[in-house]
Amino acid sequence: MSVSIIKRTDLPEHSADACPAVREVLNRVGDKWSVQIVGLLGDRPKRFNELRRSIEGISQRMLTLTLRNLERDGLVTRTVEPTIPPKVEYALTNLGRTLLVPVSALAQWALDNRTGIHAAQQRYDGQNGASSKVAAPASPTEGERGAAARANR
């Protein structure tokens, strides 16, 4: 694995005006559900229940709210076909597709470094007598595996 070091000069200039804007966007697209949904929709449009089955631990209400917020932000489209029952599909917009590269890179970084982070947590807990140990890393979800696979394309 090669590691490239990013210098401070490679990053966008920091300004007090930019912080709230960056924080606002990261709060929306950086939450655990949005990242997984974007990753899952990267392959093709999906129906609500298909998304729900693919995201372990998400409630119907949370999936509905997250999809609604992603749609409001212009990242996801919701298409309703007038059938009985109605067929509703969700897909990434062009703007939403631009998130695939950073989301995929972050997913790949997490997969590549999860054992190192877990080892660091164990060392820290051992040295600091932490009473609540962090659980071992879970197996990657379908969304994480899909995002990581797209990052390697």
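Is Glu50 buried, partly exposed or exposed? At 22% relative accessibility, Glu50 counts as partly exposed, where buried means under 20% relative accessible area, exposed over 50%, and partly exposed in between (1.4 Å probe, protein chains only).

Before going further, note that this is a predicted model, in which local features need pLDDT of at least 70 and side-chain atom pairs count only at pLDDT 80 or more, while totals for chains, interfaces and linings use all residues. Residues are numbered from 1 along each chain as its sequence is written, and side-chain values use heavy atoms, with hydrogens and water left out.

**The whole chain**

Select the protein chain and colour by secondary structure: there are seven helices and three strands, which are DSSP runs numbered from the N terminus (helices H or I, at least four residues; strands E, at least two). From the N terminus on, the elements run α-α-β-α-α-β-β-α-α-α. Of the 153 residues, 27% count as buried, and the accessible surface of the chain comes to about 10,700 Å², with 54% of that belonging to carbon and sulfur atoms; these areas come from the Shrake-Rupley method with a 1.4 Å probe, and for residues only the protein chains shown count as cover.

**The salt bridge**

Now select Glu50 together with Arg44, which form a salt bridge whose closest N and O atoms are 2.3 Å apart; the term stands for a side-chain nitrogen of Lys or Arg within 4 Å of a carboxyl oxygen of Asp or Glu. A search of the whole structure finds one salt bridge. Arg44 is partly exposed, with a relative accessible area of 41%.

**Helices H2 and H4**

Next, show H2 (residues 32-41) and H4 (residues 60-72), whose axes come within 10 Å and cross at roughly 70°. The axes are lines fitted to C-alpha atoms, for helices over the stretch in contact, and angles run from 0 to 180 degrees between N-to-C directions. Trp33, Ser34 and Ile37 of H2 meet Met62, Leu63, Thr66, Leu67 and Leu70 of H4, contact being heavy atoms within 4.5 Å. Pick out Met62, which is partly exposed at a relative accessible area of 33%; Met62 and Trp33 are 29 residues apart in sequence and 8.3 Å apart in space, C-alpha to C-alpha.

**A cis peptide bond**

Move to the loop between strand E2 (76-81) and strand E3 (87-92), where Pro85 is found, and inspect the peptide bond from Ile84 to Pro85, which is cis, with omega near -10°.

**A nonpolar patch**

Finally, select Leu106, Trp109 and Ile117, which make a nonpolar surface patch of about 310 Å²; patches are made of residues with over 30% relative accessible area and no salt bridge, like charges being joined within 9 Å and nonpolar side chains (Val, Leu, Ile, Met, Phe, Trp, Tyr) within 5 Å. Ile117 lies in helix H6 (residues 100-128) and, at 36% relative accessibility, counts as partly exposed.
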